[in-house]
Amino acid sequence: MARQSKASCIGILTSGGDCPGLNAAIRGVAKAAIANYGMQVLGILDGFNGLVENRVIHLTDRELVGLLTLGGTILGTSRNKPHKMPQPDGTTRDMTGAAMETYRRLNLDCLVCIGGGGTAKNALMLKNQGLNVITLPKTIDNDVWGTDVTFGYDSAMSIATEAIDRLHTTASSHQRTILVDVMGHNAGWLALGASLAAGADVCLIPEIPFRFERVAEAIEERRQKGRRFSLVTVAEGARPAVPAGKKTDTPPEPVNSVQLAAQIEKALRTETRVTTLGYIQRGGTPSPTDRVLATQLGVAAADLIAEGTYGVMVAVRNGKMVPVPLEEVAGKKKTIELDHPLIQTARRIGLCLGD
Ligand code: F6P
């Protein structure tokens with residue numbers, strides 16, 4: 001028998017960059033909502049686009065088969081925001097009214113928005129217009145404020161780790177320094193996690209501006225010890241430090257790995273190569289950890305909706321799924337604190353962070 005629920009019909013959308021685990025989360029929400037509460041579940045297509053354009057599918061048990069292990073999102077995603085929808089003539093338009101109309105026309109009691117920080121911001125705007133919303137934190141960047149971890153991160157870290165492992169053997173065979181570009185936006189979680197897991201020698205992250213001399217020294221020190229190859233991971237947002245004595249209002253541009261490789265090659269007379277991991281980090285089947293996390297978050301969302309708790313993100317804190325008000329999450333980013341245990345661990349094992 002279905003449990004008591006304050007909601008009878010919900011919509012789910014996925015928004016922002018995709019990541020492994022999105023389908024597992026959709027499945028978690030929908031399974032729990034249907035089986036435990038007898039809710040009707042609708043899938044909104046292509047992020048907020050589908051909400052504005054009223055493009056919707058029914059999610060029944062049949063549509064949920066095979067989703068747990070499937071990469072990407074069966075609903076499609078986009079980075080578009082209801083209040084800034086791109087128009088055919090290249091301009092953007094506030095389509096919040098159309099989004100609200102679809103919500104009402106579908107008789108939704110709550111809209112589940114699965115996404116990162118940007119999605120939380122958009123969901124908060126809809127909440128402020130009077131809609132019931134709940135968000136789930138996903139992203140390979142792990143930079144969503146208010147949660148210990150996001151799903152997608154563990155899978156991406158495994159992919160990046162495997163890639164660096166493979167680069168290790170070829171770097172060693174050819175006695176080369178290989179630079180590996182890792183995603184992560186303005187946070188170094190992915191680069192640092194994979195560097196620790198794969199035993200990289202240098203890891204440059206946005207949180208710690210680097211000095212070229214330190215990077216060169218670290219590679220040279222290894223050479224002195226007879227290790228004629230090195231692995232340098234470069235997070236997407238890593239930047240050089242402002243040279244001592246130079247005053248500037250604008251921070252330096254993010255580092256370009258190809259230029260950095262050329263600099264290393266010239267300074268150390270070592271052969272270098274650059275590998276960009278790119279979208280491989282976001283594709284494919286989720287790791288077991290992400291499958292479980294996405295499912296837990298999804299089930300917790302269904303329970304919160306049933307009890308009428310809205311306007312929150314479901315976060316993981318010390319292994320528990322807890323609601324956090326969207327006002328606390330939106331507009332913030334969780335970067336790595338400089339005294340974070342991962343940074344301390346990196347320093348203790350001699351992983352050069354470029355400072
Ligand atoms: O947020 C995930 C992410 O892959 C970031 O690491 C990266 O900065 C960005 O998305 C890439 O965005 P897009 O998919 O729009 O190219």
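The domain assignment, which is automatic or taken from a database, gives domain 1 as 9-151 + 286-329 and domain 2 as 155-281. Taken over C-alpha atoms, the centres of the two domains are 35 Å apart.

Some ground rules before we go on: residues are numbered from 1 along each chain as its sequence is written, and side-chain values use heavy atoms, with hydrogens and water left out. Because this is a predicted model, local features need pLDDT of at least 70 and side-chain atom pairs count only at pLDDT 80 or more, while totals for chains, interfaces and linings use all residues.

## The nonpolar cores

A nonpolar core here is a set of buried Ala, Val, Leu, Ile, Met, Phe, Trp, Tyr and Cys residues joined through side-chain atoms within 4.5 Å; buried means under 20% relative accessible area, exposed over 50% and partly exposed in between, with a 1.4 Å probe and protein chains only. The largest such core has 70 residues, and Ile10 and Ile12 have the most contacts inside it. Domain 1 and domain 2 both give residues to this core, so it lies between them.

Beyond its neighbours within four places in sequence, Ile12 is in contact with residues including Ile26, Val29, Leu59, Val112 and Ile114. A second, separate core has 29 residues, among them Ile44, Val133, Met313 and Ala330.

## Helix α5

Let's turn to a helix. Helices (H or I, at least four residues) and strands (E, at least two) are DSSP runs, numbered from the N terminus. Helix α5 covers residues 153-174, 22 residues in total, and reaches 31 Å from its first C-alpha to its last. That is close to the expected 32 Å at 1.5 Å a residue, where the span is 1.5 Å times one less than the number of residues.

Among the buried residues of α5 are Tyr153, Met157, Ile164, Leu167 and His168. The buried residues of this helix pack against β8 (177-182), α6 (189-198), β10 (230-235), β11 (272-276) and α9 (288-307). After α5 comes Gln175, with a positive phi near 55 degrees.

## Around Lys84

Lys84 sits in the loop between β3 (56-58) and β4 (85-86). Lys84 is partly exposed, with a relative accessible area of 48%. Not counting residues up to four places away in sequence, Lys84 touches Thr92 and Arg93.

Technical notes. Contact = heavy atoms within 4.5 Å.
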